[in-house]
Amino acid sequence: AAIGWYGPLINLSDASSHIGHFVQLLVLVHKSLPVQYKTSGGGRVIRTDVQVGDDTRPYFAVSIWNKHMESVLKAGNVVLLQSADNLMKVQHIGIASKEKFKKVIAWVLRVEPILFKRVSHTFKSNQQIANWKSPEEMQLKDCLSLVEVSNLNDSCNASFFASVGEMFLPMHLPEFEEERMFIRSRIYSSAYGNLAEDLICTGCQLCGAPLNSEFGSRIEQKTVPLYCQISSKRLHVVGLIYRPFLLYVWDSSTYIPVVIKNKAAEILFGNIKAESVQSSYRKQARDQSINKGMEDQ
């Protein structure tokens, strides 16, 4: 989920140390009670008092000052609360929030008989009314072709067979240097050097986001986050990473582009980290400089 003014995603057990702060809570709704009363000015205000819980604290009271949220705050739903007056559906959250979501669901399934004895004694048979599914229902989708992959409408893990066509780094370069963007062809050619300088940059070793953009890559301009969505502390682990690039894969039906970030690039390049490549590149450049200096003498 976007952080911005919403603050960090926290556990309910840590709520007492965040009094007065903007935070996010990913929680299960136990029950909700709409409250309506008159203000001193004569107006009517609707507040919803909600009892929620997560894997660190089973019961916690929250007040929602938004009358439009009542229909979403149903017992058994898992919701993301932001700034205490906003909700998001769980399918739109970030990586760290998805991990928290899994923990909450695991907790719900573990304590469900006790947790829902006051909510519904037939919760499992009525689970289709809730806004979440248990992990065993979220299966890996085996796709027979890339056309089937491109037609997927929901976010999921998919497996498929395909051949690599090209590796493409979408940089903003002068027209006469545009061939530098085609990485695969450069591996087999000496026409354009400095491949390591183009492919490696400073970034977050956890989420793979570049933290510098000297080339103005179109991928980087759209995906550089202010906070790390994998780290529980929202802090980037800064180091050398492989710059995100596009891997075009194809089969007999079609081709599709796949965004490859640092961890996936490491696997693609034989489990070699960006730091190792950069170190080897610098050593080679230094040796070539020394040899050239000796030849000039």
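**Salt bridges and ring pairs: a short tour**

Hi everyone, let's start with a contact: the side chains of Asp-55 and Lys-100 form a salt bridge, with N to O at 2.6 Å. By salt bridge I mean a side-chain nitrogen of Lys or Arg within 4 Å of a carboxyl oxygen of Asp or Glu. Asp-55 sits in the loop between strand E2 (44-53) and strand E3 (60-64), while Lys-100 belongs to helix H1 (residues 95-115), so this pair ties together parts that are 45 residues apart in sequence. Helices (H or I, at least four residues) and strands (E, at least two) are DSSP runs, numbered from the N terminus.

A quick word on the ground rules. This is a predicted model, where local features need pLDDT of at least 70 and side-chain atom pairs count only at pLDDT 80 or more, while totals for chains, interfaces and linings use all residues. Residues are numbered from 1 along each chain as its sequence is written, and side-chain values use heavy atoms, leaving out hydrogens and water.

Back to our pair: is Lys-100 buried or exposed? Lys-100 is buried, with a relative accessible area of 6%, whereas Asp-55 is partly exposed at 28%. For these words, buried is under 20% relative accessible area, exposed is over 50%, and partly exposed lies in between (1.4 Å probe, protein chains only).

How many salt bridges are there by this rule? The count comes to 5. Another one joins Arg-180 and Asp-198, whose closest N and O atoms are 2.6 Å apart. Arg-180 lies in the loop between strand E8 (163-168) and helix H3 (183-187), and Asp-198 in helix H4 (residues 195-199), so parts 18 residues apart in sequence are tied together. Both Arg-180 and Asp-198 are buried.

Then there is Glu-266 with Lys-273, a salt bridge at 3.5 Å, N to O. Here Glu-266 counts as buried at 12% relative accessibility, and Lys-273 is partly exposed at 39%. Salt bridges with shared partners also join Asp-54, Asp-55 and Lys-100 into one network.

Now for the rings. The whole structure has 4 aromatic pairs. Rings of Phe, Tyr and Trp (its six-membered ring) pair if their centres lie within 6.5 Å; planes under 30 degrees apart are stacked, over 60 edge-to-face, and the rest tilted. Tyr-248 and Tyr-255 have ring centres 6.1 Å apart and planes at 50°, so that pair is tilted. Tyr-248 is partly exposed at 27% relative accessible area, and Tyr-255 is exposed at 55%. Finally, ring pairs link Tyr-242, Phe-245 and Phe-269 into a cluster.
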